[in-house]
Amino acid sequence: MSNIFKDFDSKYEPKTLADIVFHSTDARETVAGLVDGSFGFPSSGTNGVLLYGVSGTGKSALAKILPNMIEQNNGGEIADVTYVNVAQGGDNGAAVIDKLKSQTQLIPFGNAYHYFVLDEVDNLRTESMSSLKVAMNTGVSNSIFILTTNHFSKVNDAVTNRCVVVEFNAAESADWLPKVRGILADYGVTGIKDELLLEMIEPCEGSARKILAATRMLIAKRLKRAA
């Protein structure tokens with residue numbers, strides 16, 4: 001069997017909110033309101049979005065697509081985004097945060113806002129977290145910060161106070177059925193009962209990575225049997 005999954009990740013990585021499996025209607029509505037501007041975001045000293053929850057639920061994937069969606073709803077096209085994956089160890093982002101702070105002092109060129117995505121922001125050291133707060137203040141009118149964390153309690157209160165905080169935890173297994181069925185149909189795999197799909201999805205505990213991996217395995221097995 002040839003590598004039928006060569007383009008799987010690029011094909012099924014989220015591109016719109018419809019591609020995201022949210023754990024609650026409230027979380028979906030909150031994010032939609034941030035994107036379409038109906039909440040007046042950013043304003044009143046709030047220019048951050050903090051997505052928090054357990055690992056693997058799609059926080060990083062959502063954070064990645066938010067800038068373009070927000071920019072397009074502000075009349076632009078492609079957002080100019082600075083992505084930072086805050087790793088453990090080293091300076092834990094001190095130099096990077098200083099660079100972001102400098103960028104916030106500039107007028108956005110060709111965009112409505114500067115966009116900064118900080119993945120695993122809880123890895124910032126105390127002094128770097130304080131610098132992030134200053135950067136958010138400096139760019140309060142021209143910058144949007146999108147932050148993700150698996151450890152909400154480790155994020156400085158001064159940072160969370162400048163954010164719309166969105167819980168992003170594991171969705172119910174049944175909420176994944178439409179997405180899984182859509183992928184199966186794309187590969188010509190049909191006729192599987194919901195009960196069997198739920199038996200596959202539930203052990204994944206809401207992890208998008210595990211659910212998509214299990215879906216690929218199911219497709220491969222079904223196609224091999226049919227060959």
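User: Which residues are exposed on the other side of α9?
Analyst: Arg209, Met217 and Lys224 are exposed there. Exposed means over 50% relative accessible area, buried under 20%, and partly exposed in between, with a 1.4 Å probe and protein chains only. This is a predicted model, where local features need pLDDT of at least 70, side-chain atom pairs count only at pLDDT 80 or more, and totals for chains, interfaces and linings use all residues. Residues are numbered from 1 along each chain as its sequence is written, and side-chain values use heavy atoms, without hydrogens and water.

User: Thanks! And which residues of α9 are buried?
Analyst: Ala208, Ile211, Leu212, Ala214, Thr215, Leu218 and Ile219 are buried in α9. Looking down the axis of α9, these buried residues fall within an arc of 160°, so they line one face of the helix. The arc is taken from the directions from the helix axis to the C-beta atoms.

User: How far does α9 reach from its first C-alpha to its last?
Analyst: With 19 residues, α9 reaches 27 Å, close to the 27 Å expected at 1.5 Å a residue. The expected span is 1.5 Å times one less than the number of residues. Helices (H or I, at least four residues) and strands (E, at least two) are DSSP runs numbered from the N terminus.

User: Switching to pockets, which elements each supply at least two residues of the lining of the largest pocket?
Analyst: Those are α1 (8-12), α3 (59-72), β4 (143-149) and α9 (208-226). The lining has 30 residues, and Pro14, Gly58, Ala61, Ala208 and Arg209 lie nearest the centre of the pocket. A pocket is an open set of points on a 1 Å grid over the protein atoms alone, where a 1.4 Å probe fits, with protein on both sides within 12 Å along at least five of seven lines; lining residues have an atom within 4 Å of a point.

User: What lines the second largest pocket?
Analyst: Ile192, Leu196, Glu199, Met200, Ala214, Met217, Leu218, Lys221 and Arg222 do. Both α8 (194-201) and α9 supply at least two of the lining residues, and the largest share, five residues, comes from α9.

User: How many disulfides does the count come to?
Analyst: The count is zero disulfides, taking a disulfide as a pair of cysteine sulfur atoms within 2.5 Å.

User: What about phi of glutamate 120?
Analyst: Phi of glutamate 120 is near 60°, a positive value in a residue other than glycine. Glutamate 120 belongs to the loop between β3 (114-119) and α5 (126-138) and is partly exposed, at 34% relative accessibility. Glutamate 205 also has a positive phi, near 55°.

User: Where is glutamate 205 found? Is glutamate 205 buried or exposed?
Analyst: Glutamate 205 lies in the loop between α8 and α9. Glutamate 205 is exposed, because its relative accessibility is 63%.

User: Last one: is tyrosine 12 buried or exposed?
Analyst: Tyrosine 12 counts as buried, at 12% relative accessibility, and its place is in helix α1.
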